[in-house]
Amino acid sequence: MTQLTMLKLGKKDGVARITLDRSKHNVLNIDMMNEFNGQLENLLEDADLKCLVICGEGPSWCAGVEVADHKPGMVEEMIAVFNRIFELINQFEIPVIAAVHGACLGGGMEVAIACDMVVASDKAVFGQPEIKLGFFPPYAAIRLPQLVGPSNAIEVCTTGKRYSAQEALTMGFVSQVAPAEQFEEAVDKLVKEISYNSPLIIRLNKRAVKQHLGLDFEKAIAGVSALFLNTLMKTEDTLEGIRSFEEKRKPEWKNK
């Protein structure tokens, strides 16, 4: 694990981990977000990656964006740098997991829900309290309706209330909750299940989901079938998967 200014970065066996590490609640400021974006840009270039996990050091996962950076004179730069996080996460062809163990509030919750999956400790707390300070959460206003529907999204944004991990799971923006004492084990288990597979086939599976969102059935089934027949079936790793099954052995992926 490499210690950067306000982040830690580790890569092992095709899994990258970015750990937010700004004392004491990982509140994002412009400098930290620029550092975060730089690391995301670098990881996007790694064709051997299978999974990215975003973690938090200390008692909170991320308690939001620095309020001082919202002031006139700084807010335009802050929004541009903040939005870049979501643009970059959206570009990842591999699964991106938010491993949330503590307070996940405001801009922190927005970063978490930008990920493909949110695995939460049962001690985690979520919320969009921006309204209490006279703001609204711009990314959450787009993303939450996709995850929980407009009614729940409006509740989250207009009340500013805090939600337990279990409430977030029920609502639909958390995918898995684990007891605090088993949290790291649950994250590692999910990562291990993903990283068993070929990097190329992981990317094709995510593409099959994302490319066909919002299409009508005929276009979606035609598109996903074309991806299966014209791309997937021409990869060496798919043929290796078939051979390994027939030969009752572990596949040897080539990422081709």
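1. Contact here means heavy atoms within 4.5 Å. The model is a predicted one. Leaving aside neighbours within four places in sequence, Thr 231 is in contact with Leu 204 and Ala 226.

2. Thr 231 sits in the loop that lies between helix 8 (217-230) and helix 9 (236-246). Its relative accessibility is 30%. Buried means under 20% and exposed means over 50%, so Thr 231 counts as partly exposed. Between the C-alpha atoms of Thr 231 and Ala 168 there are 37 Å, and the two residues are 63 apart along the chain.

3. An open sheet of 4 strands has the order 5-7-9-10, and its pairing is mixed. Strand 5 (60-62) and strand 10 (162-164) are at the edges; each has a single partner strand, so one side of each has no neighbour in the sheet. Ignoring direction, neighbouring strands of this sheet are turned against each other by 25° on average.

4. Strand 9 (residues 125-127) and strand 10 run antiparallel and are joined by 3 bridges. Gly 127 is placed opposite Arg 162 of strand 10. Helix 3 packs on the sheet, where it touches strand 5, strand 7 (103-105) and strand 9. The direction of helix 3 makes about 90° with that of strand 7.

5. Helix 3 (residues 107-114) also packs with helix 4 (residues 138-159), at an angle of about 90° and with the axes 9 Å apart. The two helices are therefore roughly perpendicular to each other. From helix 3, the contact involves Met 109, Glu 110, Ile 113 and Ala 114. From helix 4, the residues are Pro 138, Tyr 139, Ala 140, Arg 143, Leu 144, Leu 147 and Val 156. By class, this contact has 9 nonpolar, no polar and 2 charged residues.

6. How do helix 2 and helix 3 lie, and at roughly what angle do their axes cross? The axes of helix 2 (residues 75-91) and helix 3 come within 10 Å and cross at roughly 15°. That makes helix 2 roughly parallel to helix 3. The crossing of these two helices is right-handed.

7. On the helix 2 side, Phe 82, Ile 85, Phe 86 and Ile 89 meet Gly 107, Glu 110, Val 111 and Ala 114 of helix 3. The residues of this contact divide into 6 nonpolar, 1 polar and 1 charged. Glu 110 and Ala 114 of helix 3 are listed in the contact with helix 4 and also meet helix 2.

Notes:
Residues numbered from 1 in each chain as written. Predicted model: local features only at pLDDT ≥ 70, side-chain atom pairs only at ≥ 80, totals over all residues. Heavy atoms only, no water. Axes fitted to C-alpha atoms, helices over the stretch in contact; angles between N-to-C directions. Parallel < 35°, antiparallel > 145°, perpendicular 65-115°, else oblique. Nonpolar A, V, L, I, M, F, W, Y, C, P; charged D, E, K, R; others polar. Buried < 20%, exposed > 50% of the residue type's maximum accessible area, 1.4 Å probe, protein only. Left-handed = near helix turned anticlockwise from the far one by under 90°. Pairing = 2+ DSSP bridges.
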